[in-house]
Amino acid sequence: MSLRRESPMRGRRLRLGEALFERFAMTRVGYQFMLHVAPSLDKVVIPRTNGRVSSAGIDKVGLVTSTGAKSGRPRTHPLALFAADGGLLAIGSNYGRPAHPAWSANLLEHPECTVEFVGPPRQYRAELLTGDARAAAWANAVDYYAGFETYRTKCAPREIRIFLLRPTG
């Protein structure tokens, strides 16, 4: 078994660092790190690096600030983001837990959001993907991080929400 899997979306094998981080993230220790440590760390590191550096590496995680569905207050969540179809994909895996993540309910209720990712904060509008668009985005997500497939299995029968965040300005 090769450590560095092929990535059809990237058109190449994963780089050694990408493969090692993916393997780490899919371990029990990596899961706990990503669930409990990374979000707090990212809220400090991302703003100080102009949206470039996070606990997952360079250009992997951004801060998404949305309006709370119930509270109406701003809520900021570090999310893995990746480019697709003129915007960014955000995957509501919630680490494979049974409930949808709170940020996804926020985006359903209030789709306007601010994203700090690979540069200064910008305004976006979220669109919940369905049908063929969702299927294509899911293939992209699993190519980006193979652990999403494990999350899909763990949270079944819940369907993981996938949002396309499009810049508005």
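**Exercise 1. Determine which residue of E8 stands opposite Leu-63, and describe the pairing of the strands concerned.**

Solution. Leu-63 stands opposite Glu-116 in E8. The model is predicted: local features need pLDDT of at least 70, side-chain atom pairs count only at pLDDT 80 or more, and totals for chains, interfaces and linings use all residues. Residues are numbered from 1 along each chain as its sequence is written, and side-chain values use heavy atoms, without hydrogens and water. Strand E5 (residues 61-67) and strand E8 (residues 112-116) run antiparallel and are joined by three bridges. Strands are DSSP runs of E, at least two residues, and helices are runs of H or I, at least four, numbered from the N terminus; pairing requires at least two DSSP bridges.

**Exercise 2. State how many bridges pair E8 with E9, and which residue of their hairpin takes a positive phi.**

Solution. Four bridges pair E8 with strand E9 (residues 122-128) in the antiparallel sense. Val-115 stands opposite Arg-122 in E9. The hairpin has five residues between the strands, and Val-118 takes a positive phi near 50°.

**Exercise 3. Classify the orientation of H4 and H5.**

Solution. Helix H4 (residues 131-144) packs on helix H5 (residues 147-155) at about 120°, the axes being 6 Å apart. Angles under 35 degrees count as roughly parallel, over 145 as roughly antiparallel, 65 to 115 as roughly perpendicular and the rest as oblique; H4 and H5 are therefore oblique to each other. Contact (heavy atoms within 4.5 Å) involves Trp-138, Ala-141, Val-142 and Tyr-144 of H4 with Phe-148, Glu-149 and Arg-152 of H5.

Notes: Axes fitted to C-alpha atoms, helices over the stretch in contact; angles between N-to-C directions.
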